[in-house]
Number of protein chains: 2
Amino acid sequence: MPRRPGPGPRRPTIADIAERAGVSKGSVSYALNGNPGLSEPTRRRILAIAEEAGWRPNRAARALSASRAGACGLALARPAHLLAYDPFFPKLISGIEAELSARQVALMLQMVDDVEAEMRALRRWWAERRVDGVLLVDLRVVDPRVPVVEQLGLPAVIVGGPGPTGKLPYFPGHDTQRIRQIVEHLVRLGHRRIDRVAGPAAFAHTQTRTRAFREALARAGAMGTALSTDYTTQAAAAATKKLVERGPVPTAVVYDNDIMAVAGLGVLQEAGLAVPEDVSVVSLEDSILCEVVRPSLTASSWDVEAFGATAAHALVKLIDEASGRPRVNDFTPGVAGPAEPTLVVRASTGPPPG
Amino acid sequence: MPRRPGPGPRRPTIADIAERAGVSKGSVSYALNGNPGLSEPTRRRILAIAEEAGWRPNRAARALSASRAGACGLALARPAHLLAYDPFFPKLISGIEAELSARQVALMLQMVDDVEAEMRALRRWWAERRVDGVLLVDLRVVDPRVPVVEQLGLPAVIVGGPGPTGKLPYFPGHDTQRIRQIVEHLVRLGHRRIDRVAGPAAFAHTQTRTRAFREALARAGAMGTALSTDYTTQAAAAATKKLVERGPVPTAVVYDNDIMAVAGLGVLQEAGLAVPEDVSVVSLEDSILCEVVRPSLTASSWDVEAFGATAAHALVKLIDEASGRPRVNDFTPGVAGPAEPTLVVRASTGPPPG
DNA sequence: CTGAAAGCGCTTACAG
DNA sequence: CTGAAAGCGCTTACAG
């Protein structure tokens, strides 16, 4: 079939550069990759011609000969309508993306309905050499993805943990520390009955948080329970209602993310409880939403972008090692090291009533 | 260099399949692609072996021989902290992604700081054959991306418009219709002084909305102005303050998105204005946030996912046509056609005071 | 210091 | 109906 050049200028290949420079394709490749074995003037001439022609390597060709895709995969097994209201994922993706693109690695993103679909995506990516490795988020207490990537030999890093991570590297968020900071803040204000509206119990990080929550309460001699939700605002509202109706009414409620906190806030106010006079409210995830809502929400702030960047950096290193040719330029992560989590105290927390 | 098999099972190639089936690689390729010129039993045998071996095409190899990347690009030139609170983009991306992945096309996503960086990304993607086409969002009133993609011959589709789209296909949102619905709702309630806190004036869709806003007001014999912002909550708060302080105080304020509406709501309440008794508030973008905030916000709801899917579908078609080999299976868009925009009336709108 | 050649895994006209 | 071969654009040992 005749090659249709299509519109626009033709994109040059090393063959073009070689011809213009009067050398072989191999020499061009050597010059462009900084390999030794080329006289300095020749190298300079080749590079100048490539530069002038606007040459860039064809990724498919490079991927084929290097047996590397030059891409990492991230499949998100949460429905889009949930992702749309959670500022956590955009921040995480942004951090991952910044780190990868600094290393010329692309990010393949796919949104899927559930973990089954995610595993299908992982298998397909790997079978098609679309990716060199993957990032796994939302680790489950029983997680079928871990044995799958291990069996495939697919380099993978867990963004989160600890949990059933097998031999995979994992990067815990600051769950324990953040929960502790919140409980200590509330206890310092005088609260002794602190409940929590949590994320899905099936998530390893929810389990970690719940353990930290119990321990922090026990250490302070305070009481409280955690109700799991599926992260929807409906579930958050229902859980809040349940906490208020069953009694004893908590003097403070912690929500695992900001949008659930806002939903809970509305329910509390409609139940005739003033925030923070009757009930204090804290969000485990900070966002602009926490700032603009009234009363503004006390929230745990942490560096989600650095969290994603760190995991992405580890994945790139893992891929390099697995391929048996570590790259020369192993820079430190492109993003500054993660700052420590801090509790941003706003208007929604105060002393308990009475 | 010796090929390091690495951990995990070896991924089969057509050479393996050919060997097991006792045929040539060409025959395997024919069988797998459904090309004619193969006996039915042979085809079946080959397919069964490929299936059993878990064969999947190596995308790099296919891309190289087909001169196609099998991917589309989307670069978002908004800072991550803004993206993180805007439910529009997750929905849009989800719609694009659903449409593309139904066609086995990958989505390359990159977040960049500004349009300059976006153009650099586009050039690089195209030069490296990383993508077959791109989606352009947030069309500017003067948009430097349009001449660039036209000059490159890079297939592109504008998600939005109309505006300076040159010869590129574009897909307007329902801006005019949505603004009209909002103004008509408010006018019906009796409002005659309606102001608007808008997005950046440099965006073509902001211009479209502002024109529609003026026309709708004029048609109803109502008054009102639009103040532009950079979509930050700070700017929304400042604009709201300005509207309240300069007078005449509007009896209704329209915000170009939900998070700005929530920020404005706080400012209005702190200025001693009750919503909706003194001022009605409407958001041009609906989200769960509008539901959970108190008072809940009247908002314009439209099918952003279908919007993204439609544009993605057009891009795939454009790429097929540009390559000179339209694909056989030109299904209709994978997502159902977009529903008409509707105004979801909640607690934040009511008759004007007096 | 440089060139010719093989190979990465596919696709596809072209012979048999 | 099937096979052998060239080509996509690179990389990289191997000869000269």
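A crossing of two helices is called left-handed if the near helix is turned anticlockwise from the far one by less than a right angle, and right-handed if clockwise. The structure described here is a predicted model, in which local features need pLDDT of at least 70 and side-chain atom pairs count only at pLDDT 80 or more, whereas totals for chains, interfaces and linings use all residues. Residues are numbered from 1 along each chain as its sequence is written, and chains are lettered from A and ligands numbered from 1 in the order in which they are written.

In chain A, helix 6 (residues 88-102) and helix 14 (residues 304-322) pack with their axes 7 Å apart and at an angle of about 45°; helices (H or I, at least four residues) and strands (E, at least two) are DSSP runs, numbered from the N terminus, and axes are lines fitted to C-alpha atoms, for helices over the stretch in contact, with angles running from 0 to 180 degrees between N-to-C directions. The crossing of helix 6 of chain A and helix 14 of chain A is right-handed. The contact (C-beta atoms, placed from the backbone, within 7 Å) involves residues including A:Phe88, A:Leu92 and A:Ile96 of helix 6 of chain A, and A:Val304, A:Phe307 and A:His313 of helix 14 of chain A.

Chain A also contains an open sheet of six strands in the order 7-6-8-9-10-11, with mixed pairing, two strands being taken as paired if DSSP finds at least two bridges between them. Strand 7 (226-228) and strand 11 (342-344) of chain A stand at the edges, each with a single partner strand, so that one side of each lacks a neighbour in the sheet. From one strand to the next, the twist averages 20°. Strand 6 (residues 194-198) and strand 8 (residues 252-255) of chain A pair in the parallel sense over four bridges, and A:Val197 has A:Tyr255 of strand 8 as its bridge partner. Helix 11 (residues 233-246) of chain A lies across strand 6, strand 7 and strand 8 of chain A and runs at about 160° to strand 6.

In chain B, an open sheet of six strands likewise has the order 7-6-8-9-10-11 and mixed pairing. Strand 6 (residues 194-198) and strand 7 of chain B pair in the parallel sense over three bridges, with B:Ala226 of strand 7 as the bridge partner of B:Arg196. Across strand 6 and strand 7 of chain B lies helix 10 (residues 204-220) of chain B, which runs at about 180° to strand 6 of chain B.

Key:
Two residues are in contact if their C-beta atoms, placed from the backbone, lie within 7 Å.
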